[in-house]
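Biologist: Please take me through this model, beginning with the overall fold and ending with a single residue.

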Amino acid sequence: MGTSQIQTIYLHIGLPKAASSSLQIWCANNRKFLETKKIYYPETCRVSLKPKHQFLVTDLLEGHCNTLNNLLKAYACKNLLLSAEGLVNRFREFSPASLSAFRSACHSCDLHIIYIDRDFESWVQSLYSQMIINPSNLRMCFAKNFTLEQFRSEEHVQWLGSCSKRLNEFETAFGARSTHLLNVNSNWLGELCRILGLVDCRDLVSCKARENSSPVPEIIEIIRQVNAMNLSEEVRSNFLGLVREYRHCNHLGFGVYKKFSNKKLAFHSFMEILSRVRSVEPLIVSAISDLRNQCESEYQKLSAARN
């Protein structure tokens with residue numbers, strides 16, 4: 001831990017889809033406990049689906065560190081724990097001047113990077129699911145209809161998947177004194193507590209193993225085909241909102257989707273889109289059938305209630 005004169009910062013930078021949501025939710029849920037140990041996890045933007053410090057990424061992309069500077073002043077001489085997996089995901093978009101501004105902001109701090117890794121195969125499948133599910137984004141390849149093999153071969157995916165080999169580069173770029181490499185498949189939370197100097201953890205809120213689980217592959221394939229239909233954002237949102245409801249999906253990407261207020265229209269739209277999905281794979285055929293049956297059941301209940 002840092003002394004009262006030197007501010008210590010523990011900076012979680014990624015990897016995306018490697019326990020980031022679990023770490024951030026755990027930190028937010030245990031904010032009060034952490035403060036009793038003189039570690040502060042600052043409040044985050046309420047707009048975000050996750051309690052992360054996305055301003056770190058946004059400011060660096062804009063060429064400054066104004067928000068970080070203000071935060072460091074507000075928490076002067078206090079130990080901070082900050083998290084934004086986009087620091088790795090968008091790293092190559094940060095200009096040298098932006099990174100210099102970051103180092104200047106933290107020049108009097110004792111900065112330590114926390115990086116959580118994951119085996120490539122399970123990681124790329126999870127990232128692929130996010131790409132398929134999330135709304136379209138001009139800066140990110142979301143809501144596309146790439147196959148898993150096409151996505152796996154993307155240059156940025158290959159670069160991200162090998163970032164554990166670039167820890168020295170990240171350490172230099174952010175001006176960190178050390179880097180702690182953890183792994184999703186190990187006791188990463190226990191290791192994090194050790195790094196933070198937490199010995200007595202009886203009052204901590206436990207961490208769920210999967211805060212942001214990906215849907216099964218057959219659902220991902222259905223959504224992939226829907227992405228290729230060039231639907232409006234509203235129609236696609238309605239479809240994914242119903243998929244979320246019928247399949248009880250807890251992936252955070254589904255959280256932004258809402259169904260049509262006109263339920264009759266919602267059901268008809270859903271069935272029409274579903275009729276255009278094609279596959280001979282038994283699991284996908286079964287998933288289509290299940291979704292169709294659930295939609296028909298809901299429609300019958302709605303019709304009966306109106307009568």
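Biologist: How many helices and strands does the secondary structure of the protein come to?

Modeller: This is a predicted model, in which local features need pLDDT of at least 70, side-chain atom pairs count only at pLDDT 80 or more, and totals for chains, interfaces and linings use all residues. Residues are numbered from 1 along each chain as its sequence is written, and side-chain values use heavy atoms, with hydrogens and water left out. Helices (H or I, at least four residues) and strands (E, at least two) are DSSP runs, numbered from the N terminus. On that basis the protein has 15 helices and 5 strands.

Biologist: Is Ser 269 buried or exposed?

Modeller: Ser 269 belongs to helix H14, residues 263-274. Buried means under 20% relative accessible area, exposed over 50%, and partly exposed in between (1.4 Å probe, protein chains only). Because its relative accessible area is 13%, Ser 269 is buried.

Biologist: Which residues is Ser 269 in contact with, leaving aside its neighbours within four places in sequence?

Modeller: Contact means heavy atoms within 4.5 Å. Asn 238, 31 residues away from Ser 269 in sequence, has its C-alpha 8.2 Å from that of Ser 269. With those sequence neighbours left aside, the contacts of Ser 269 are Val 235, Asn 238 and Phe 260.

Biologist: What percentage of the residues of the protein count as buried?

Modeller: The C-alpha trace spans about 70 × 40 × 35 Å along its principal axes. Of the 307 residues of the protein, the share that counts as buried is 49%.
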